[in-house]
Amino acid sequence: MAEDMTTPLLSDSEAPADADAPSVCLTSPTVAILGSGDFSRSLAVRLVASGVRVVVGSRCVNRLPSGLFPEAVELRNQEGAVSQGVCLVFMALFPEHYHSLMGLRSALAGKVLVDVSNAEEIKINGPSNAERLAELFPDSIVVKGFNTISTWELQTGAHDGSKQVLICSNSTEGKKKVVQLSRQMGFHPVDMGGLSSAREIEVAPLRLFPSWSGPVVVTFLLFLFFYGYGFLRGILLPFLAQGQNAFYRLAVDLVNESLPAVALVTLALVYFPGLFAAWLQLWRGTKYRRFPSWLDNWLQRRKQLGLLSFLCAALHGVYSLCRPLRRVTLLRLVNTAYRQVKAGTEEPWDELGVWRSELYLSCGVLGLGVLSLLAITSLPSVGNSLNWREFTFVQSSLGYIALTLSIMHTLFFGWDFAFHIEAYPFYMPPSYLLAVVLPCIVLVCRCFLLLPCIFTRLTRIRRGWESKRNCPVLQHHHVVANGIP
Amino acid sequence: MAEDMTTPLLSDSEAPADADAPSVCLTSPTVAILGSGDFSRSLAVRLVASGVRVVVGSRCVNRLPSGLFPEAVELRNQEGAVSQGVCLVFMALFPEHYHSLMGLRSALAGKVLVDVSNAEEIKINGPSNAERLAELFPDSIVVKGFNTISTWELQTGAHDGSKQVLICSNSTEGKKKVVQLSRQMGFHPVDMGGLSSAREIEVAPLRLFPSWSGPVVVTFLLFLFFYGYGFLRGILLPFLAQGQNAFYRLAVDLVNESLPAVALVTLALVYFPGLFAAWLQLWRGTKYRRFPSWLDNWLQRRKQLGLLSFLCAALHGVYSLCRPLRRVTLLRLVNTAYRQVKAGTEEPWDELGVWRSELYLSCGVLGLGVLSLLAITSLPSVGNSLNWREFTFVQSSLGYIALTLSIMHTLFFGWDFAFHIEAYPFYMPPSYLLAVVLPCIVLVCRCFLLLPCIFTRLTRIRRGWESKRNCPVLQHHHVVANGIP
Amino acid sequence: MAEDMTTPLLSDSEAPADADAPSVCLTSPTVAILGSGDFSRSLAVRLVASGVRVVVGSRCVNRLPSGLFPEAVELRNQEGAVSQGVCLVFMALFPEHYHSLMGLRSALAGKVLVDVSNAEEIKINGPSNAERLAELFPDSIVVKGFNTISTWELQTGAHDGSKQVLICSNSTEGKKKVVQLSRQMGFHPVDMGGLSSAREIEVAPLRLFPSWSGPVVVTFLLFLFFYGYGFLRGILLPFLAQGQNAFYRLAVDLVNESLPAVALVTLALVYFPGLFAAWLQLWRGTKYRRFPSWLDNWLQRRKQLGLLSFLCAALHGVYSLCRPLRRVTLLRLVNTAYRQVKAGTEEPWDELGVWRSELYLSCGVLGLGVLSLLAITSLPSVGNSLNWREFTFVQSSLGYIALTLSIMHTLFFGWDFAFHIEAYPFYMPPSYLLAVVLPCIVLVCRCFLLLPCIFTRLTRIRRGWESKRNCPVLQHHHVVANGIP
């Protein structure tokens, strides 16, 4: 990607100077599209809107319903479309039909063919579609690209997350043409190297939330663990030991016991890698050495982990609010009143119990409220409107406030039960006690990093200071700078 | 829209070559704006920020507060503004003042006048503002455009949904100039044809959620039906027959009975047209024939229907959670306890009732949770960051999961009551029984489409395969391709 | 910002014509970056992606890990980077290291130096970083800019809210070059004037939600007032007078009493300035005179006030839904049942009480629902997809519906208690009575503005009509226009 990449695609003047790619046709203002499917139509709409002249070549020109393509588009048969001084041809047909174009081989020679096809499956052997196209048309210049753009994006214009057009080719000249065209169409071309990268580009649109798979698996495993642990401790063992049938708790109670534990641990996992990275920077005395790749990956998944934590916390909130709607709550309530009457006394005021419930509800509501703010700022359009300091404030300060409130919610909920022997049936502690360990460690470590001596050192390192200055170039410069009047 | 559309607006070189539009002035770097209102000011800010020189012509230059326009803007009286080699003039005044500019008729001759006015009402007779302007200034070139852009968007830059500038004119040359300028300003010009389209463009900003009107009406009618049905079955007929006064149920109970029914039917209406389209494609054996327009419209309204279904479901959730806060719940609870005491026995454990309530609450919470995810991905900034496969996964797979959970929620709620005669007072089934019919049909049809033989055929059709190949051009190609070595 | 601003940065042709800035180097296609930190890396990535050739000059070229910069970037030592015909140099190092570059003074002479540094604190004395750079390198042209762009935005491309690049310099020529480059990189340059504005630009990234501080302070003070008032009226005075211990109410009850009051007053504050502005326009008979700045500020903070009102209302909703989960609710319920049994009668049907609770819950749920719609449309990506009329409809019509529903919610909640002497312990009215005053005033004033005579006049004024036409230029025009046949 060099300086004259900004020259408009359609200037004729640059071509003669092009010594290393003599086979590339003179750039012409017209672009051809072979195929008349959805992608072809959307591509034509977009190209016309970007001020490019378009010829569409179809197997069956006469059968196309009128109005399918914009008026400015010229419709021809396939041979007619590529014969008239066109230089760039989009191959908007399925790869299995490429061979049907062998008759156009000579007409396409020296032209740039853009392969816009996707792979059919993620795991596939053999050459990519673009490489097979290059084999079929050895005299043409094959460029892979535009497959990551959906027909919908083509029609409505490029948007935030999907502006990127991944491009690869063995011909610098061909790549340059496609880069220029995609820029003209309002996209953001990204050079992915030679045609051997085509497989990766073809597979990209098939990937399903690649950045979410790790966090989702972690969250799911945590849920399985807490659900299984709760089942063992609260349902199976009591059933085996005392024959208590509490299997009705599987549907709501146990889920609602596991969800907050998962939310708490996941939230701690959001802030753990940041602490680890800070510790590593302190230890190394520099920020210029790369983190190990597992830490890098973890750091990049914090947003997803945070959103999953919010999802679990929100579900926990809704499940909890559903409690009074449940038949079992009603039964218990009526029977409590019945027993009270039998006992012949009003239920006494329970100051401690009241305070405990008020406090853990408060912390829970506020913690979930703060988490909601965090979730809202992670919406692309909201997050993009924040400056760096605002983003840091929300994600770091508010995040730690949410973590602290969640821990307090758990501790107030647990109250002093952790010190009672009844809380440990079968020697198994309650799951919230297991869940609160990691968050507490994270919070303590964070407070440790706020100690003045450590904080100062970390700030200096993050501003570029290094503990051992062993860069001779800099030393030299300092000498020179001081030597000059 | 032809090849040299990418030439910058300000290049003088293209004008001489312009044979078919001799009356168009030589392009000059300066743009004039007549009028000094909000729109004029915002337009000036935007033009200056886009690197264009701007002259504003005002009726009363001397009374304009300083600082109203950016410094780079030249302020003149109206005659001064249009006399100095300006080629393109924005008419930023109300159409009823157009006639006050008759004195500038000769000065404006041959220039491009951009009419930026809106219609006052949607239903109006007579010519559009732009057509009246063209009558008043027959020697000028009138182009309609920019009225769909608000002053706010002009000042802050174009955004996702509102990047489009609809343009029409009888002069290709004039249209081309405005297209270039709007592109330079960061907008996305859309050619709407001749000046007779001006009415449609002028009315566009007056439309109030045009894509929502249909779905809102459908949802509202469904609500009316279920509310009326419930009123008849649960309140009016019992009152007339047995004199029971249950009118207090109008405010919350009946609403909360109708909302889930509406949500369920509307959600089924989201997935119904897709099934119908699939069936049509299977029947026709091709995807290249257009759907009937009612189906097309329905398919395009699925997002709105889905969001309205979510709105109803969420309201149903909140109303349900409010139940324990209601005075009537409290009264009933205390009286249940009272009667229990009178009867002298604890209320017996109701295993079936407990399971039923646990299950329908679980399905409800999870169904609403999945619907929330669907609603979040329909936010423009979130949806835009998904690739096509992710979007399909969320909208189709998650959608069917939500539908299944909602149906299960309803069935568990209904339990075996549908088989009791008491559920049919006045021979009227409960409304959830009516509501669950269509969703069940949709689910069964969907499962039918997943049968291997049908699924394979549909996939082939969607990839472009046609059952009867009657396209001679393609046949010919095949022959040629095979004939060439 | 003049006409040839659209010329690409890299065209050599414009330089000779440049008479007023002889010291500016001939524009060359290469841009240099001094420094190799995060910002340098991201800047290089972005520049390369925009088709610019980049040379990075580092103190310690040899120690840079490979792969840190894109392949297309040339890595040199600092002297090498600036010596090779480079014209524009980004100073991507901390300002305290500027003096280490004194040895490059002659090499940098006549070149454009872009200062991308931020201020360290908001309140700081002395010259800005850019001014100090200009002092150190008097023969270079210093331009301030790009500091508002984060490294993340540089890498991923510009987004909605953060597209703006604030630029200032004493050299028009230097500014023009940076403006062009930033436009080429996809940003939206904003000219902030001379280098004396650099301080303001350097401080911008440090500001924390500047548009939120006022509304947050107002909301917080309102909360403090209502919380303190409630504490005095409901807890402290009863404790002092009758020794009642109700301190447990501090955590949830009192918060949940204050939140709706704050939400209601804040919502009224959203619509109050609009009414005031309308009244001012009616009084003045024109819309062309500026509002006093406090009113202008208030009008611009309506969105924030509205969102804070929604936050309080939503929290109020969640706290209310939590009521049945509280230990104190349980205690009271059981004891009510107990007392009922002691009394020996079922609790009688309370028609009025039931209607009251049904109505205030309905209004509350619907009011919060409408407020949620308002909050959703204030998300940037949703709001941007609305046209002006839709935006006005949502923000104004739906807003007044939400206000009306909230007032009704409060009034139904209050019912006839306001007329009982027990509602005024210590002569203090309940807080919801205080909170409902301002919203009622707003609602009445709004209805007043809808009276036909006033509405017509206001509409005319807002369309540009003025009560006293004293603009001589216009009069003149009219005469001329009428004089010409």
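This is a predicted model: local features need pLDDT of at least 70, side-chain atom pairs count only at pLDDT 80 or more; totals for chains, interfaces and linings use all residues.
Local features need pLDDT of at least 70 and side-chain atom pairs count only at pLDDT 80 or more, whereas totals for chains, interfaces and linings use all residues. Residues are numbered from 1 along each chain as its sequence is written, chains are lettered from A in the order in which they are written, and side-chain values use heavy atoms, without hydrogens and water.

**Exercise 1.** Determine the strand order of the open sheet in chain A and identify its edge strands.

*Solution.* Step 1: strands are DSSP runs (E, at least two residues), numbered from the N terminus, and two of them pair if DSSP finds at least two bridges between them. Step 2: the eight strands follow the order 3-2-1-4-5-6-7-8, with mixed pairing. Step 3: strand 3 (74-77) and strand 8 (188-191) of chain A each pair on one side only and are the edge strands.

**Exercise 2.** Describe the surroundings of strand 6 (residues 141-144) of chain C.

*Solution.* Step 1: strand 5 (residues 112-115) of chain C pairs with strand 6 of chain C in the parallel sense over four bridges, and Val114(C) has Val143(C) as bridge partner. Step 2: strand 7 (residues 164-169) of chain C runs antiparallel to strand 6 of chain C, joined by two bridges; there, Ser169(C) is the bridge partner of Val143(C). Step 3: Ile141(C) and Val143(C) point one way, Val142(C) and Lys144(C) the other, and all are buried (under 20% relative accessible area, 1.4 Å probe, protein chains only). In a regular strand, side chains alternate between the two faces of the sheet.

**Exercise 3.** Classify Leu221(A) as buried or exposed.

*Solution.* Leu221(A) counts as exposed because its relative accessibility is 51%, the cut-off being over 50%.
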